Amino acid sequence: MSIARRSLARMGIAPVFCLLALPVPVVLYVVDHGLWLESGSGNANFMFFQCLAYNLFLGVIVLDFMSSTLRRDKALQLTKKDDEKRLTFEATDKTKEE
C-alpha cells in the first residue's frame with residue numbers, strides 16, 4: 001500500500017490532531033512503566049487506558065487514510081468512465097459526419 005499524495009490531500013483534520021496527540025500516550029506509558037517497575041506504584045488501569053488511547057489515535061489515522069484512498073479511487077474510476085464516454089461519443093460523431 002503506497003501513500004499517494006492525493007490520498008493525503010483528501011484526509012480531514014482529525015488525523016492531524018491524532019498525529020499530534022500520539023506522543024502523549026507514548027510518553028505517559030513510558031513514565032508509568034518506569035514507575036511500576038522501579039517503585040511498584042504503577043496502576044494497571046492507567047497503562048490500559050494509555051494503550052487504548054494510542055490504539056484509538058492510530059485507528060482514526062488509518063481509517064481516515066483508507067476512506068480518503070477509497071474516495072480517490074472512486075474519483076479515478078469516474079474520470080475513466082467519463083473519458084470513455086467522451087471518446088465513444090466523439091467516435092460516433094465522426095462516423096455520422098462521414
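Reader: In which helix does V16 lie?

Author: V16 lies in helix α2. Helices (H or I, at least four residues) and strands (E, at least two) are DSSP runs, numbered from the N terminus. This is a predicted model, in which local features need pLDDT of at least 70 and side-chain atom pairs count only at pLDDT 80 or more, while totals for chains, interfaces and linings use all residues. Residues are numbered from 1 along each chain as its sequence is written, and side-chain values use heavy atoms, with hydrogens and water left out.

Reader: How many helices and strands are there in the chain?

Author: The chain has four helices and zero strands. Along the sequence the pattern reads α-α-α-α.

Reader: Does a residue count as buried or exposed by some cut-off, and what percentage of the chain counts as buried?

Author: Buried means under 20% relative accessible area, exposed over 50%, and partly exposed in between (1.4 Å probe, protein chains only). Here 17% of the 98 residues count as buried. Accessible areas come from the Shrake-Rupley method with a 1.4 Å probe, and for residues only the protein chains shown count as cover. The accessible surface of the chain comes to about 7,900 Å², and 66% of that belongs to carbon and sulfur atoms.

Reader: Which residues make the nonpolar surface patch?

Author: First the rule: patches are made of residues with over 30% relative accessible area and no salt bridge, with like charges joined within 9 Å and nonpolar side chains (Val, Leu, Ile, Met, Phe, Trp, Tyr) within 5 Å. In this model I13, V16, F17 and L20 make a nonpolar patch of about 440 Å². I13 sits in the loop between α1 (5-10) and α2 (14-21).

Reader: Why does I13 count as exposed, and why does V16 count as partly exposed?

Author: I13 is exposed because its relative accessible area is 57%. V16 has 40% relative accessibility, so V16 counts as partly exposed.

Reader: What does Q50 contact, leaving aside its neighbours within four places in sequence?

Author: Contact means heavy atoms within 4.5 Å. With those neighbours set aside, Q50 is in contact with V24, P25, L28 and Y29. Q50 belongs to helix α4 (residues 44-97) and counts as buried, because its relative accessibility is 11%.

Reader: And which residues does Y29 touch, not counting those up to four places away?

Author: Y29 touches M47, Q50 and C51 on that basis. Y29 is in helix α3 and is partly exposed, with a relative accessible area of 33%. The C-alpha atoms of Y29 and M47 are 6.2 Å apart, although the two are 18 residues apart in sequence. V27 is also found in helix α3 (residues 23-38). V27 is partly exposed at 49%, and its C-alpha atom is 9.4 Å from that of Q50, 23 residues away along the chain.

Reader: What share of contacts joins residues at least 24 apart?

Author: Among contacts between residues at least 6 apart in sequence, that share is 69%.

Reader: How many disulfides does the rule count?

Author: A disulfide is a covalent bond between the sulfur atoms of two cysteines. The rule asks for a pair of cysteine sulfur atoms within 2.5 Å. The count is zero. As for individual cysteines, C18 is buried, with a relative accessible area of 10%, and C51 is partly exposed, with 35%.

Reader: How many aromatic pairs does a search of the whole structure find?

Author: A pair of aromatic rings is described by the distance of the centres and the angle of the planes. Rings of Phe, Tyr and Trp (its six-membered ring) pair if their centres lie within 6.5 Å; planes under 30 degrees apart count as stacked, over 60 as edge-to-face and the rest as tilted. The search finds one pair. F48 and F49 form that pair, which is edge-to-face, at 5.2 Å centre to centre and 70° between the planes. F49 counts as partly exposed because its relative accessibility is 47%.

Reader: Which side chains meet in a salt bridge?

Author: A salt bridge is a side-chain nitrogen of Lys or Arg within 4 Å of a carboxyl oxygen of Asp or Glu. A search of the whole structure finds one. The side chains of D73 and R72 meet in it, at 3.5 Å, N to O. D73 is partly exposed, at 31% relative accessibility.
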